Protein chains: 2
Amino acid sequence: MYESVIQDLIEELGQLPGIGPKSAQRIAFHLLDADPEDVKRLAATLVDAKTKVHFCVVCGNVTVETECRICADPRRDPSVLCVVEESKDVIAIERTREFRGRYHVLGGAISPLAGIGPDQLRIKELLGRLQDGTVTEVIIATDPNLEGEATATYLMRMLMPLGLRVTKLASGLPVGGDLEYADEVTLGRAFEHRTSVGQ
Amino acid sequence: MYESVIQDLIEELGQLPGIGPKSAQRIAFHLLDADPEDVKRLAATLVDAKTKVHFCVVCGNVTVETECRICADPRRDPSVLCVVEESKDVIAIERTREFRGRYHVLGGAISPLAGIGPDQLRIKELLGRLQDGTVTEVIIATDPNLEGEATATYLMRMLMPLGLRVTKLASGLPVGGDLEYADEVTLGRAFEHRTSVGQ
């Protein structure tokens, strides 16, 4: 239907996450209409980011250095390690300003359907970081979905025998939401983990 | 919060239509995780499409030649001209297989808020195509929104005195939709333009 070069562009864009065929078409025509310099800059930024960014040798977070900013920061508490699935989870937690420890990025979650088992994740590296006894608490902060829970269970079983404090992020009602719109599982968890108030 | 090269990538992606900050972040991390060859190919496709694609000298549709496929096709009826806002509207109409005439792409719609008046659209070129009397019907197929309707009204006033048949796409209930979910204006139009059935 389209000229093949436009079709190629739409197909390439359609492979990005969250971009369906209609969005891909919309973005393609936007780019065909845009200033050539803008398109060249976008293309250069893509290649530049991909070339410069790699994974922190310590925690697996994205960085342009050998170690990421957090691992290189001596003010971060080395005794608490927060285990997350992805680099973007690090950013989400950093935004809360609640956590001053360090991170370990697994690079995904256990998902038999996608063929991802523990060996595909940075779990060996995690165990390596726990060897010298500096870390006393591991906070498991995987996604609250099926794959994330499976990964959390796997990690808990593995970490419990090591004599560390192992904790997991609280489940419950999202702040700012309506109780009536919470799903049953979330509401059930909120009951199960209800906290004492007052005396 | 991010390394600046990642921040640049997220900002570039966030300027694409329909991509908010969260989607931009998701796509950026997807690309950082992807095969370097895939990212290079995406970047090359962007630049390639932008370099090769330009506008048909006759109708304003996108093409890699001087004239687009439809203008170059002798089997298309030269007596009917369908006026649309964008190249993607041409594709949408071609998909219906209802129309065998030719197109004229305006390159947008009249929008005083966006500073787009008749002079920014390919209206002079449209008048040029009507000079030799080949075209006997102009179908106005602008978007059924405020800007599209304003453009249609402008075109109708301009074309009426030329003694052509000027038509406009029908307004009414979308096929496959529910009557109760139709907005008042659409439902009102559907009443106004109701068609006779039976005798």
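User: At roughly what angle do the axes of helix α3 of chain A and helix α3 of chain B cross?
Analyst: This is a predicted model, and the helices in question span residues 36-52 in chain A and residues 36-52 in chain B. Their axes come within 9 Å of each other, and the crossing angle is roughly 170°.

User: How are α3(A) and α3(B) oriented to each other, roughly parallel or roughly antiparallel?
Analyst: The axes cross at roughly 170°. Angles over 145 degrees count as roughly antiparallel. The orientation of α3(A) and α3(B) is therefore roughly antiparallel.

User: How many nonpolar residues does the contact of α3(A) with α3(B) have?
Analyst: From α3(A), the residues that meet the other helix include A:Val39, A:Leu42, A:Leu46 and A:Lys50. On the α3(B) side, B:Val39, B:Lys40, B:Leu46 and B:Lys50 are among them. By class, the contact has no polar residues and three charged ones, and the nonpolar residues number 12.

User: Which helix supplies the largest share of the lining of the largest pocket?
Analyst: The largest pocket holds about 710 Å³ of space. Of its 25 lining residues, the closest to the centre are B:Ala141, B:Thr142, B:Pro144, B:Leu169 and B:Ala170. In chain B, α5 (87-96), β5 (137-140), α7 (146-159) and α8 (184-192) each give at least two residues to this lining. The largest share, four residues, comes from α5(B).

User: How many charged residues are in the lining of the largest pocket?
Analyst: The lining divides by class into 12 nonpolar and six polar residues, and the charged ones number seven.
The space they surround is about 710 Å³, and the charged count is seven.

User: Which elements of chain A each supply at least two residues of the lining of the second largest pocket?
Analyst: The second largest pocket has about 510 Å³ of space. Its lining has 21 residues, with A:Thr142, A:Asp143, A:Pro144, A:Leu169 and A:Ala170 nearest the centre. By class, 10 are nonpolar, five polar and six charged. The elements of chain A that each supply at least two are α5 (87-96), α7 (146-159) and α8 (184-192).

User: Is A:Arg97 buried or exposed?
Analyst: A:Arg97 sits in the loop between α5 and β4 (102-105) of chain A. Its phi is near 55°, a positive value in a residue other than glycine. With a relative accessible area of 75%, A:Arg97 is exposed.

User: What is the relative accessible area of B:Arg97?
Analyst: B:Arg97 lies in the loop between α5 and β4 (102-105) of chain B. Although not a glycine, B:Arg97 has a positive phi of about 55°. B:Arg97 is exposed, and its relative accessible area is 74%.

Methods:
Residues numbered from 1 in each chain as written. Chains lettered and ligands numbered in written order. Predicted model: local features only at pLDDT ≥ 70, side-chain atom pairs only at ≥ 80, totals over all residues. Heavy atoms only, no water. 1 Å grid on protein atoms, 1.4 Å probe; cavity = no way out; pocket = protein on both sides within 12 Å on 5 of 7 lines; lining within 4 Å. Points joined across faces, edges and corners; volume = space filled by probe spheres on them. Nonpolar A, V, L, I, M, F, W, Y, C, P; charged D, E, K, R; others polar. Axes fitted to C-alpha atoms, helices over the stretch in contact; angles between N-to-C directions. Parallel < 35°, antiparallel > 145°, perpendicular 65-115°, else oblique. Contact = heavy atoms within 4.5 Å. Buried < 20%, exposed > 50% of the residue type's maximum accessible area, 1.4 Å probe, protein only.
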